[in-house]
Amino acid sequence: MTSVLASIALLIGGFFSLVAAFGVFRFRDFYTRIHAATKATSFGVGFSALAAAIAFNEPAIWGKTVLVIIFLFITLPIGAHLLGRAVRSRDSSPTPNQDK
């Protein structure tokens with residue numbers, strides 16, 4: 001049963017990572033790219049870490065997995081916010097290839 005749950009969590013994590021990659025590739029705007037890169041990737045890595053914790057099923061690994069997921073959900077939005085502020089403060093065009 002644990003291998004089935006780990007496989008499902010890994011598939012969900014892979015799906016979110018794939019969606020993030022497509023979002024970064026398809027979106028034209030810098031801000032939407034950063035959104036795709038941080039939001040979907042945090043879920044992708046979070047579910048992949050959860051799959052590892054389910055597969056090994058040891059208390060030490062569960063503790064590290066919880067810390068990794070907390071760290072991801074705290075740092076990724078802050079990093080995206082700081083990148084957005086840096087682009088905005090430079091007053092550069094975030095969409096160089098935008099068709100008008």
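This is a predicted model: local features need pLDDT of at least 70, side-chain atom pairs count only at pLDDT 80 or more; totals for chains, interfaces and linings use all residues.
An α-helix has 3.6 residues a turn, so residues three or four places apart point the same way.

## Helix α3 and its buried residues

Helix α3 has 32 residues, and the distance from its first C-alpha to its last is 46 Å, close to the 46 Å expected at 1.5 Å a residue. Within α3, the residues Thr-65, Leu-72, Ala-80, Gly-84 and Val-87 are buried, and what covers the buried residues of this helix includes α2.

## Thr-38 in helix α2

Thr-38 has its place in helix α2, made of residues 30-56. With a relative accessibility of 10%, Thr-38 counts as buried, because buried means under 20%. When residues up to four places away in sequence are not counted, Thr-38 touches Leu-76 and Ala-80, and Ala-80 is itself one of the buried residues of α3.

## Ser-7 in helix α1

Ser-7 lies in helix α1, which runs over residues 2-26, and its relative accessible area of 40% makes Ser-7 partly exposed. Although Ser-7 and Ser-48 are 41 residues apart along the chain, their C-alpha atoms are separated by 9.4 Å.

Terms used: Residues are numbered from 1 along each chain as its sequence is written. Side-chain values use heavy atoms; hydrogens and water are left out. Helices (H or I, at least four residues) and strands (E, at least two) are DSSP runs, numbered from the N terminus. Buried means under 20% relative accessible area, exposed over 50%, partly exposed in between (1.4 Å probe, protein chains only). Contact means heavy atoms within 4.5 Å. The expected span of a helix is 1.5 Å times one less than its number of residues.
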